[in-house]
Protein chains: 4
Amino acid sequence: MERRILLTECKDDVGLIAKITNVCFLFHMNVIRQDQFASHEDNRFFMRTVIEGNFSDEKISETLINTVINVLPDGAIVRLKDESKRKLCVLVTKESHCLGELLMKSYSGAMNADIALVAGNYPELGALAEKFGVPFKLVSCEGITKEEQEKNMMDVIDECNPDYVILAKYMRILSPNFVNHYPLGKLINIHHSFLPAFIGAKPYHQAYDRGVKIIGATAHFVTNNLDEGPIIEQDVIKVNHRYDPQTLAKAGHDVEQMVLMRAVNKVLDDKVFIHGNKTVVF
Amino acid sequence: MERRILLTECKDDVGLIAKITNVCFLFHMNVIRQDQFASHEDNRFFMRTVIEGNFSDEKISETLINTVINVLPDGAIVRLKDESKRKLCVLVTKESHCLGELLMKSYSGAMNADIALVAGNYPELGALAEKFGVPFKLVSCEGITKEEQEKNMMDVIDECNPDYVILAKYMRILSPNFVNHYPLGKLINIHHSFLPAFIGAKPYHQAYDRGVKIIGATAHFVTNNLDEGPIIEQDVIKVNHRYDPQTLAKAGHDVEQMVLMRAVNKVLDDKVFIHGNKTVVF
Amino acid sequence: MERRILLTECKDDVGLIAKITNVCFLFHMNVIRQDQFASHEDNRFFMRTVIEGNFSDEKISETLINTVINVLPDGAIVRLKDESKRKLCVLVTKESHCLGELLMKSYSGAMNADIALVAGNYPELGALAEKFGVPFKLVSCEGITKEEQEKNMMDVIDECNPDYVILAKYMRILSPNFVNHYPLGKLINIHHSFLPAFIGAKPYHQAYDRGVKIIGATAHFVTNNLDEGPIIEQDVIKVNHRYDPQTLAKAGHDVEQMVLMRAVNKVLDDKVFIHGNKTVVF
Amino acid sequence: MERRILLTECKDDVGLIAKITNVCFLFHMNVIRQDQFASHEDNRFFMRTVIEGNFSDEKISETLINTVINVLPDGAIVRLKDESKRKLCVLVTKESHCLGELLMKSYSGAMNADIALVAGNYPELGALAEKFGVPFKLVSCEGITKEEQEKNMMDVIDECNPDYVILAKYMRILSPNFVNHYPLGKLINIHHSFLPAFIGAKPYHQAYDRGVKIIGATAHFVTNNLDEGPIIEQDVIKVNHRYDPQTLAKAGHDVEQMVLMRAVNKVLDDKVFIHGNKTVVF
């Protein structure tokens, strides 16, 4: 008995759940957990089914997927994922808290992924990565164009061939060329504010100037609209008039690392569907 | 096209979701939303399916229920609920915040229920109920035994014949006789602490004496074990050393009314299953 | 022994706390609680001191204030407030949840204020106000200019002469003329979003379109910059992909009424100082 | 200009703030921030004053302390702390999340302390400590009595001579002999539940069995009453029926590491006073 996650996405229709679970039933698969969502705005259907059964023969998976596709409306996207560890590439600049949390959770086994590479545009976090036996590559911006640096970064990432690229406080604005190089859903960013408040640079200074009583962080998939990609997870903490930009940032870092970690874990568990510029998170 | 909520509960088995959604499909019912949970601890299956279809003929509901029962394991419990307003009876003593919130939400339409009766062991809240045109009955403890008072209260409740009895800060310990008079799930209580901390009386004094940094409230179904019934909803707020028992209570009241209101709304939406001494809340 | 709240605000300087508490000591006033804050950004000092002593002679207060002013830098603002109930005027449109919470907390004594008047640009909430014996005035926009309607509203408010005007979901944009008619700090608004996200109209639709995972509410003093006044209190709740604009709004209403109530209570306790476009909240 | 933190604790009396700030004024010390609390339950006064001035001569601190003691009631406790890094000894067993967070925050500079030693009753976390260049000592329980093991642990700690001992998921119940070996306030523990709920062992199993909707963590000073020491910090996260003891524990770990880190930072900033079995946290 092995476990797989069946991910289905298609135009909404009557009977979809019945059809898909019928197929699972025919294949003697036990449904451990199932979540589904139908968007009434655009008639889009999403389902995540955790199934248990006999996958010893490699053909079973393929046949199962094809059978599900067969019973669904045209254009259905069906994926079958196992629970093996994913491979991450983490991009950083100088701030260590998000990288540190990822390294720790990978080390302790609380994150179902290996960090295959850390790449930074500054050398500061190399020592931290290497403490955990993770290779670090410096992809400097010094003396070269933005285009060249991005080309170097893409080469480094592509050689690593990760399942996901985590922007763990990578303080560079990505060009459309870079973003389009990867499929939507592969790049995950942590933004240091409660989006859509304080879009752009220096959010803790913006928060200070505005006198907010709460600050937050947002983890989202990266698209070509800066800070506008589908949101995966958000959280906040309370602050007050005693906070200055520095203590706001310090408090914010705790939220950032927590929000990024939760988002990454949701993605690694295949609980996140992209739905236009939003997400469905089961 | 009318909407119904199909609630299913039975021993877990392979293919349950397929079987139930098949029946819905056969009856030309569109599934609007579905949630299910299988407890791996005791192999119990719970499903809530919101369906839309033609219920103009009264027999359709009955046939649908029977067909579902037919395809499920022996002992399955299947209910079909419409979305009509439920009828509540609210028990109170002297504190007005929970009753006030229920009255306001009923008044504004944010709660899908009518409050048919408020019954109190003291007269203080009669005026408030009557502001909203809700009859108030005083069921005093004065000069009679606990048994007699409970008998009077049961008479008052039973005459009202409510769907749910809300104990909105009714500060009496209920006897087994009273509790057993009602089916499990009919009595909902708000407890003024984050259970299982501070079981019993004077929780805000207990919280003060213990020096906690957070206080909470718990809404739960009533059973014969005081403060031990299945928990529906809990929430907390932060406090600090400046709070005394009075200001703790004042802060706690805000959490109490919010937690009770959320729990009642979940129950009214038929999103809550009782599962042993726990709940499944969709 | 009576209690007073001494509020001090001035240019920051060495020895201010000593000087003020010395004066209290000289007047045989016991300090029950004291909070102070010095902004290092603009060298501004704020202090709130709860004192207990003999105020039987009316002159004591005046002398105390003058003595404090004497020891402080030029331009100091010193106020001495008693703990008597304040008088509120509440402006509304059609949504009842914030008004309902204010009425309930005033009724139960959990808010240290009387609601002297409810004024609405629609008649819908008149019945609710009158349930609690609070007069309601309709100040319609029908058939008159915005300027005329605002003039009517100001007349109604000024006749009431309240300590604070609470905009409890009053869905009109106020003109500079209206805002400037009142001292800064007198008008308190509840904004249905976590400012500065979703400034302007239809925030729940904006939140839905953006796919946020958290929604919030903001209570602030009103200034001539729409949604830009000093923030008093903010809070949030978690939401997910299942929420549509209607259920977002329903969830949001709970945060709105809670945030507004907390902000009003802070203001009524004289715990809020305005500091530029921010607040100091003790 | 150097900065010091003046901590005062004594019997409450009229004029204390004036007296202490007068002394600061006389010594030409600028008050940067001040917090005070008077407990009306037992007439105890606590004050934390951040002052800036000339401390170049070593005698100034001594004279300042003595002058403050002089003006205060008998038995006053007056301490003057600088902002230098504190020295920590961290006790662990096998779970890495709390130790990892402490190591990371020390590494990044977000915690104002050096971890001088990690000591464990199992060897598992030695490798992690050593990644950060922190010595690890194994103080095994194997083949020796509890008394002997505690003696060994005390020797190891005392040789390190730390300012604070952090029990970062050290899964041993400490004997009175061990606890009494250290002054109250030196030992800080993270308890894996929202105390006083789920006192004792296996709190996540207890939480699962009780069906709670929220789980929490509590950081507290260690006393001889198991899980009854003064609480420094608590926080919670929401859970639901889908969580089993393992996923509850995983979610709980995130709260544990966050709560412990906040508590340690508060203690390192000298913002925590012990007040009987409670704390005052500024």
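A salt bridge is a side-chain nitrogen of Lys or Arg within 4 Å of a carboxyl oxygen of Asp or Glu. The side chains of B:Lys105 and B:Glu101 meet this rule, with N and O 3.8 Å apart. Over all chains, the whole structure holds 88 salt bridges.

This is a predicted model, in which local features need pLDDT of at least 70 and side-chain atom pairs count only at pLDDT 80 or more, whereas totals for chains, interfaces and linings use all residues. Residues are numbered from 1 along each chain as its sequence is written, chains are lettered from A and ligands numbered from 1 in the order in which they are written, and side-chain values use heavy atoms, with hydrogens and water left out.

**Helices**

- B:Lys105 and B:Glu101 both belong to helix α3 (residues 97-108) of chain B and lie four residues apart, about one turn of the helix. Helices (H or I, at least four residues) and strands (E, at least two) are DSSP runs, numbered from the N terminus.
- Helix α1 (residues 16-26) of chain A packs against helix α1 (residues 16-26) of chain B at an angle of about 140 degrees, and their axes are 8 Å apart. Axes are lines fitted to C-alpha atoms, for helices over the stretch in contact, and angles run from 0 to 180 degrees between N-to-C directions.
- The contact (heavy atoms within 4.5 Å) involves A:Ile17, A:Ala18, A:Lys19, A:Thr21, A:Asn22 and A:Phe25 of α1(A), together with B:Ile17, B:Ala18, B:Lys19, B:Thr21, B:Asn22 and B:Phe25 of α1(B).
- Six nonpolar, four polar and two charged residues make up the contact of α1(A) with α1(B). Here Ala, Val, Leu, Ile, Met, Phe, Trp, Tyr, Cys and Pro count as nonpolar, Asp, Glu, Lys and Arg as charged, and the others, Gly among them, as polar.

**Domains of chain A**

- Chain A comprises domain 1 (2-81) and domain 2 (86-281), with bounds from an automatic or database domain assignment.
- The centres of domain 1 and domain 2 of chain A, taken over C-alpha atoms, are 31 Å apart. Domain 1 of chain A contributes 15 residues to the contact and domain 2 of chain A contributes ten residues.
- Between domain 1 and domain 2 of chain A, about 920 Å² is buried, 59% of it from carbon and sulfur atoms. Buried area is the accessible area (1.4 Å probe) that two parts lose on being put together, summed over both.
- A:Phe46, A:Arg48 and A:Lys81 provide 49% of the area that domain 1 of chain A buries against domain 2 of chain A, more than any other three residues.
- Two salt bridges cross the interface of domain 1 and domain 2 of chain A. A:Lys81 also forms a salt bridge with A:Asp270, with the closest N and O atoms 2.9 Å apart.

**Chains B and D**

- The contact takes 34 residues from chain B and 34 residues from chain D. Chain B and chain D bury about 3000 Å² between them, with 54% on carbon and sulfur atoms.
- B:Arg210, B:Lys213 and B:His241 give 24% of the area that chain B buries against chain D, more than any other three residues.
- Six salt bridges are counted between chain B and chain D. D:Asp235 and B:Lys238 form a salt bridge, at 3.4 Å from N to O.

**Chains A and D**

- In this pair, 21 residues of chain A contact 21 residues of chain D. The area buried between chain A and chain D is about 1900 Å², and carbon and sulfur atoms give 53% of it.
- A:Met104, A:Tyr107 and A:Lys131 supply 28% of the area that chain A buries against chain D, more than any other three residues.
- Chain A and chain D have a count of four salt bridges between them. A:Asp35 and D:Arg242 meet through their side chains in a salt bridge of 3.7 Å, N to O.
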